[in-house]
Amino acid sequence: MTTSAACCDLILFGTLGDLARRKLLPALYQLEKSGLLHANARVVGVARDDIDTSAYREQVLASLNKFMTKEAVDDEVWSRFAEKLHYCNVDLKDIAAYQTIADIVKPAEGRTPISYLATPPQLFSTICDGLSSIGLTKQPARVVLEKPLGEDLPSSCAINKQVAEYFDESQVYRIDHYLGKETVLNLLALRFANSIFSDQWNHNTIDHIQITAAEQVGVEGRWSYYDDAGQLRDMVQNHLLQVLSLIAMEPPTRLDTENIREEKLKVLRSLRPVTADNVQDDTVRGQYTAGFVADSKVPGYLEEEGARKESSTETFVALKAHIDNWRWSGVPFYLRTGKRMPEKRTEVVITFKRQPHNIFHESLSQLPPNRLIIRLQPDEGVEIQMMNKVPGLGKQMQLKPTTLDLSFYETFENKRIADAYERLLLEAIQGNQYLFVSREEVEHAWRWIDGIRAAWSHLGELPKSYQAGTWGPVASVTLLAQDGREWDDDA
Ligand SMILES: NC(=O)C1=CN([C@@H]2O[C@H](COP(=O)(O)OP(=O)(O)OC[C@H]3O[C@@H](n4cnc5c(N)ncnc54)[C@H](OP(=O)(O)O)[C@@H]3O)[C@@H](O)[C@H]2O)C=CC1
Ligand SMILES: O=C1O[C@H](COP(=O)(O)O)[C@@H](O)[C@H](O)[C@H]1O
């Protein structure tokens with residue numbers, strides 16, 4: 001999809017913030033290194049600090065040195081990149097101050113203005129107003145919105161409505177960084193480029209699907225943001241539902257924005273609502289207490305820096321989701337995500353139905369099911385678990401579960417796996433919306449999440465405790481055990 005560089009002025013609002021320094025500026029540097037930024041493209045950083053472009057460049061270099069942990073900054077690449085960096089000191093609430101941006105960004109010069117809003121969402125409407133005052137909302141201008149897009153359906157609709165007063169939907173790029181991950185995109189290749197999978201991808205052959213996004217980190221100094229959000233809104237509403245949509249959607253007619261979005265949306269529309277009737281059976285909430293992660297002692301959620309004494313916010317969620325359509329009838333999707341888990345692991349596990357009859361071994365009443373494991377991070381790859389005959393001459397055939405393991409690092413030697421933000425920035429620069437989330441998708445996802453939150457509130461229970469360094473509360477095991485299944489916890 002991405003071929004040559006397009007010329008743009010990338011206006012980076014919140015350029016001195018954590019996201020910009022840690023992710024966005026290193027990603028732009030990598031694009032420069034790969035020759036994917038147009039020679040005349042510019043990055044116009046906007047923030048409140050009273051500094052000039054030269055001091056800004058020094059700050060960007062310091063951020064690259066700090067956050068690019070896998071490689072050193074290359075002098076030649078840096079000098080090309082530095083030339084592209086410009087700084088505007090603007091208080092975003094002062095509409096007259098936007099003129100400083102207009103003094104640099106002049107669409108008539110042939111660069112597409114792309115405003116990346118890496119600021120708190122409360123500022124989005126004001127920034128759009130400011131951009132409008134200097135003519136930077138008119139086609140072909142684009143706007144990139146960071147998450148969180150609201151905290152529930154009404155607030156999300158309000159943000160989308162405010163932005164829509166200035167930008168047409170075709171100009172809006174809503175980020176979900178999971179859609180920029182190499183392995184998340186590989187889900188499309190795996191499903192639609194391999195008939196052994198595409199022909200079996202339904203309720204006839206699949207028993208159930210698990211999606212796990214386990215993190216070792218806690219709340220990383222963001223207690224107060226996180227306590228307002230919780231794991232359901234921070235991870236499930238966006239990342240897990242996007243992965244679920246890609247796994248469950250019908251084949252799009254073409255690999256383009258309209259068709260992919262349409263198919264993902266149908267999945268979100270088909271999610272069975274969680275209500276007071278099924279919330280107890282189909283969901284589990286947890287909150288971590290002190291424990292050990294990777295051999296280090298870590299505090300409990302309520303002992304983290306900035307924590308209050310009490311909180312009913314969940315740091316772990318496990319859910320049984322049902323997609324009420326023809327393809328997935330009777331196939332549960334188990335979703336699980338949490339902070340302070342034993343390891344960082346994001347994976348999708350497809351468990352196929354068992355063989356109806358075992359002709360091999362009298363003592364083994366049932367053969368284990370085949371499983372397809374798609375490892376999204378950190379050890380990217382695809383694994384197929386299957387039965388094989390153990391070599392030997394014995395009278396009885398002996399079978400053993402074996403694994404066909406395709407590690408991306410080994411298979412695609414020397415191929416650097418680009419960070420999600422590199423891909424997303426590039427796609428936004430090229431004007432490709434297919435890896436960005438539509439307004440309708442965001443709103444349907446919120447509708448489902450709001451239902452779960454309302455049912456939790458009706459239930460009135462506190463999250464169950466789990467010790468940091470474990471796979472969540474025992475109830476998470478029960479969620480599957482009650483269906484005669486278990487989580488894929490093999491390392
Ligand atoms: N950090 C992360 O990893 C992630 C962040 N996000 C989202 O991205 C957004 C930014 O996050 P993050 O970088 O962590 O936040 P920070 O608080 O670190 O940065 C916010 C930036 O916005 C600027 N800002 C705030 N108010 C104004 C104003 N009135 N005028 C000018 N600039 C202003 C701040 O400038 P100043 O320094 O002057 O205050 C700062 O540069 C948030 O919505 C967050 O939820 C999403 C995913 C991950
Ligand atoms: O959006 C978010 O994602 C991160 C997890 O991202 P990953 O790429 O490391 O899997 C999560 O830690 C954070 O709380 C959330 O806001």
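1. Strands pair here if DSSP finds at least two bridges between them. Strands (E, at least two residues) and helices (H or I, at least four) are DSSP runs, numbered from the N terminus. In β15, Gly 381 is the bridge partner of Arg 375.

2. This is a predicted model: local features need pLDDT of at least 70, side-chain atom pairs count only at pLDDT 80 or more, and totals for chains, interfaces and linings use all residues. Residues are numbered from 1 along each chain as its sequence is written, while chains are lettered from A and ligands numbered from 1 in the order in which they are written.

3. Confidence comes next. The chain has a mean pLDDT of 94, pLDDT being the predictor's confidence in each residue, from 0 to 100. Of its residues, 98% reach 70 or more. The model scores are ipTM 0.97 and pTM 0.95. Where pLDDT is low, the predicted coordinates should not be read in detail.

4. The chain is divided into two domains. Domain 1 covers 8–146, and domain 2 covers 180–418 + 438–481. These bounds come from an automatic or database domain assignment. Taken over C-alpha atoms, the centres of domain 1 and domain 2 are separated by 35 Å.

5. Strands β14 and β15 belong to an open sheet of nine strands. Its order is β16-β15-β14-β13-β7-β12-β11-β8-β17, and the pairing is mixed. The edge strands are β16 (399–407) and β17 (464–467), each pairing on one side only. On average, neighbouring strands of this sheet are turned by 20° against each other, direction ignored. Axes are lines fitted to C-alpha atoms, for helices over the stretch in contact, and angles run from 0 to 180 degrees between N-to-C directions.

6. Helix α9 (residues 223–248) packs on this nine-stranded sheet. The helix touches β7 (206–214), β11 (316–321), β12 (333–338) and β13 (345–352). Contact means that two C-beta atoms, placed from the backbone, lie within 7 Å. The direction of α9 makes about 140° with that of β12.

7. Strand β13 can be followed through its pairings. β7 and β13 run antiparallel and are joined by eight bridges. Ile 211 stands opposite Val 348 in β13. Six bridges join β13 to β14, again antiparallel. Val 348 also stands opposite Ile 374 in β14.

8. There is also an open sheet of six strands, with parallel pairing. The order is β3-β2-β1-β4-β5-β6. At its edges are β3 (85–89) and β6 (172–174), each pairing on one side only. Neighbouring strands in this sheet are turned by 20° on average, direction ignored. Strand β2 (residues 42–47) pairs with β3 in the parallel sense over five bridges. Val 44 stands opposite His 86 in β3.

9. Ligand 1 is surrounded by 20 residues. A residue is near a molecule if its C-beta atom, placed from the backbone, lies within 6 Å of it. The closest are Gly 14, Gly 17, Leu 19, Arg 48 and Leu 92. Helix α1 (residues 18–33) gives the most to this shell, with three residues. By class, the shell holds ten nonpolar, three polar and seven charged residues. Ala, Val, Leu, Ile, Met, Phe, Trp, Tyr, Cys and Pro count as nonpolar, Asp, Glu, Lys and Arg as charged, and the others, Gly among them, as polar.

10. Around ligand 2 stand Glu 215, Val 217, Asp 234 and Thr 346. This shell has one nonpolar, one polar and two charged residues.
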